[in-house]
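Here are a few notes to read alongside the model.

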Amino acid sequence: MPIPANAIIWRTLLGACSFYGNIELAEKVKLKLSELDPYNSGDHILLSNVYAVAEKWKDVAAVRRSMNDLKIQKTPGWSMIEVDKVMYTFLAVEAYEKLKEIMLRLRLEGGYAPEVGKVLYDIEEEEKEDSISSHSEKLAVAFGIGRLCKGKKIRVVKNLRICRDCHVMMKLISDVYNVEIVVRDRSRFHSFKDGFCSCRDYW
């Protein structure tokens, strides 16, 4: 590189290690990030995710303990939704009921199956499915579908990166419900339409 790598560049590499499951490189990158930005919760979570994908639960626990020791709090995920140019704060009960209905329809018409393998906790399969189904962007879109006028767009803003399961589900919703969904996550915009995403499944 023509310039020295800063924390953002190293963090991008750590994210790629998480995506590809490269534990050895992830550990080296995390050491460098510990020098540059030791209290960034996202770096610890990314390393924890690398271990979790490899089912190295003791290492996951060690990372979580180190976060506690350093008093580093994980940033909670949140989403805001705009439907027909109106920003909404929604009731979770209403969104959960609509989400159950949407997931059932996606299973029947779109062949949706939750990617529970991507839930990075050592818990039972049913708990993993519950965990992945309650992501804030899914609830926001469920709320939006319940309030949506035909032919309108749903716009969601999320403070974290959209997960693979949510990405698959948004594509299916756009196809099955014939709706356009725009999600702005931490990294980029995703425009879901007719079962496809503008990022071409690489984000």
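1. First, the terms for packing. Axes are lines fitted to C-alpha atoms, for helices over the stretch in contact, and angles run from 0 to 180 degrees between N-to-C directions. Helices (H or I, at least four residues) and strands (E, at least two) are DSSP runs, numbered from the N terminus.

2. A word on the source. This is a predicted model, in which local features need pLDDT of at least 70 and side-chain atom pairs count only at pLDDT 80 or more, while totals for chains, interfaces and linings use all residues. Residues are numbered from 1 along each chain as its sequence is written, and side-chain values use heavy atoms, with hydrogens and water left out.

3. Helix 7 and helix 8 (residues 164-176) pack at about 15°, and their axes lie 10 Å apart. Helix 7 is therefore roughly parallel to helix 8 (angles under 35 degrees count as roughly parallel, over 145 as roughly antiparallel, 65 to 115 as roughly perpendicular and the rest as oblique). Their crossing is left-handed, a label used if the near helix is turned anticlockwise from the far one by less than a right angle; clockwise would be right-handed.

4. Which residues make this contact? From helix 7 come E137, K138, V141 and I145, and from helix 8 D165, C166, M169, M170 and I173 (contact means heavy atoms within 4.5 Å). By class, the contact of helix 7 with helix 8 has six nonpolar, no polar and three charged residues. Here Ala, Val, Leu, Ile, Met, Phe, Trp, Tyr, Cys and Pro count as nonpolar, Asp, Glu, Lys and Arg as charged, and the others, Gly among them, as polar.

5. Helix 7 is also mostly covered, with ten of its twelve residues buried; buried means under 20% relative accessible area, exposed over 50%, partly exposed in between (1.4 Å probe, protein chains only). Among the buried residues are E137, K138, V141 and I145.

6. Now the pair helix 1 (residues 7-20) and helix 2 (residues 23-36): the angle is about 155° and the axes are 9 Å apart. That makes helix 1 roughly antiparallel to helix 2, again with a left-handed crossing. Helix 1 brings A7, W10, R11, L13, L14 and C17 to meet L25, A26, V29, K30, K32, L33 and L36 of helix 2. This contact divides into ten nonpolar, no polar and three charged residues.

7. Lastly, S48 sits in helix 3 (residues 41-53). S48 counts as buried because its relative accessibility is 1%. Setting aside neighbours within four places in sequence, S48 is in contact with V60, V63 and R64.
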